[in-house]
Amino acid sequence: FTSVYHLTDLPSFVSRNFVVFFDPHRRHLGSHIRDSSKPGVKIDFVASPVSERFPDQFQPYETIFGCSIKSRKSFPGTLFRLPLRTQKRAEKSEIKSEPYGKRDAQEALKALEEIGLQIILFLSNVR
């Protein structure tokens, strides 16, 4: 999973009842981080009306493959959100000082598409 830090400083994901946000710089989650050695939060969005308090943080997941954090229904899969590192964020990043933009993502997807059939041979339990 740590490879995501090549393109983002703020990864998050939704799986089952939970949404998880990572903030390795401890700049965005602030007091919500209980242990500074574990800079992230795991929230049970089914049990908590958290999306009502922070709707902008959960909106990117809404309606993707049927995910609805607003309705507080468990999601039977996993969705990752990897906001790309902008030039502005790269200048402040302690992880990587290079931005990762739309063009970089398109090039990576093209490369993955070219080798996709070869690497899928190593995957099991893909639905």
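Lysine 42 lies over the face of phenylalanine 18, at 4.4 Å from the ring centre; a charge sits over a ring if NZ of Lys or CZ of Arg is within 6 Å of the ring centre and within 35 degrees of the ring normal. This is a predicted model, in which local features need pLDDT of at least 70 and side-chain atom pairs count only at pLDDT 80 or more, while totals for chains, interfaces and linings use all residues. Residues are numbered from 1 along each chain as its sequence is written, and side-chain values use heavy atoms, with hydrogens and water left out.

The protein chain has 4 helices and 4 strands, arranged along the sequence as β-β-β-α-α-β-α-α. Helices (H or I, at least four residues) and strands (E, at least two) are DSSP runs, numbered from the N terminus. The C-alpha trace spans about 45 × 40 × 25 Å along its principal axes. Of the 127 residues in the protein chain, 27% are buried; buried means under 20% relative accessible area, exposed over 50%, and partly exposed in between (1.4 Å probe, protein chains only). Contact means heavy atoms within 4.5 Å. Among contacts between residues at least 6 apart in sequence, 48% join residues at least 24 apart.

Aromatic rings supply some of the links across the chain. The whole structure contains 6 aromatic pairs. Rings of Phe, Tyr and Trp (its six-membered ring) pair if their centres lie within 6.5 Å; planes under 30 degrees apart count as stacked, over 60 as edge-to-face and the rest as tilted. Phenylalanine 1 and phenylalanine 80 form a tilted pair, 6.1 Å centre to centre with 35° between the planes. Phenylalanine 1 lies in the segment before strand 1 (12-16) and phenylalanine 80 in strand 4, so this pair ties together parts that are 79 residues apart in sequence. Phenylalanine 1 counts as partly exposed because its relative accessibility is 45%.

An edge-to-face pair is formed by phenylalanine 21 and phenylalanine 58, at 5.7 Å centre to centre and 80° between the planes. This pair, too, links distant parts of the chain: phenylalanine 21 is in strand 2 (residues 18-22) and phenylalanine 58 in helix 2, 37 residues apart. Phenylalanine 21 has a relative accessibility of 11% and therefore counts as buried, and phenylalanine 58 is buried with a relative accessible area of 3%. Ring pairs also join Phe1, Phe13, Phe22 and Phe80 into a cluster.

Charged groups come next. Side chains of opposite charge can pair when their charged atoms come close. The structure holds 2 salt bridges, a salt bridge being a side-chain nitrogen of Lys or Arg within 4 Å of a carboxyl oxygen of Asp or Glu. Aspartate 9 forms one with arginine 85, and the closest N and O atoms are 2.7 Å apart. Aspartate 9 sits in the segment before strand 1 and arginine 85 in the loop between strand 4 and helix 3 (87-92), so that the bridge links distant parts of the chain, 76 residues apart. Both partners are buried, aspartate 9 at 6% relative accessibility and arginine 85 at 2%.

Arginine 27 forms a salt bridge with glutamate 94, with the closest N and O atoms 3.4 Å apart. Arginine 27 is in the loop between strand 2 and strand 3, and glutamate 94 in the loop between helix 3 and helix 4 (102-119), 67 residues apart. Arginine 27 is partly exposed, with a relative accessible area of 43%, and glutamate 94 is exposed at 64%.

Two histidines contact members of these bridges. Histidine 25, in the loop between strand 2 and strand 3 (40-44), is buried at 13% relative accessibility. Leaving aside neighbours within four places in sequence, histidine 25 is in contact with Asp9, Ser93, Glu94 and Ile95. Histidine 6 lies in the segment before strand 1 and is partly exposed, with a relative accessible area of 47%. Glutamate 62 is buried yet has no salt bridge, and the nearest side chain of opposite charge, lysine 70, is 5.1 Å away. Lys and Arg count as positive and Asp and Glu as negative; His and the chain ends are not counted. Not counting residues up to four places away in sequence, glutamate 62 touches Cys67, Ser68, Ile69 and Lys70.
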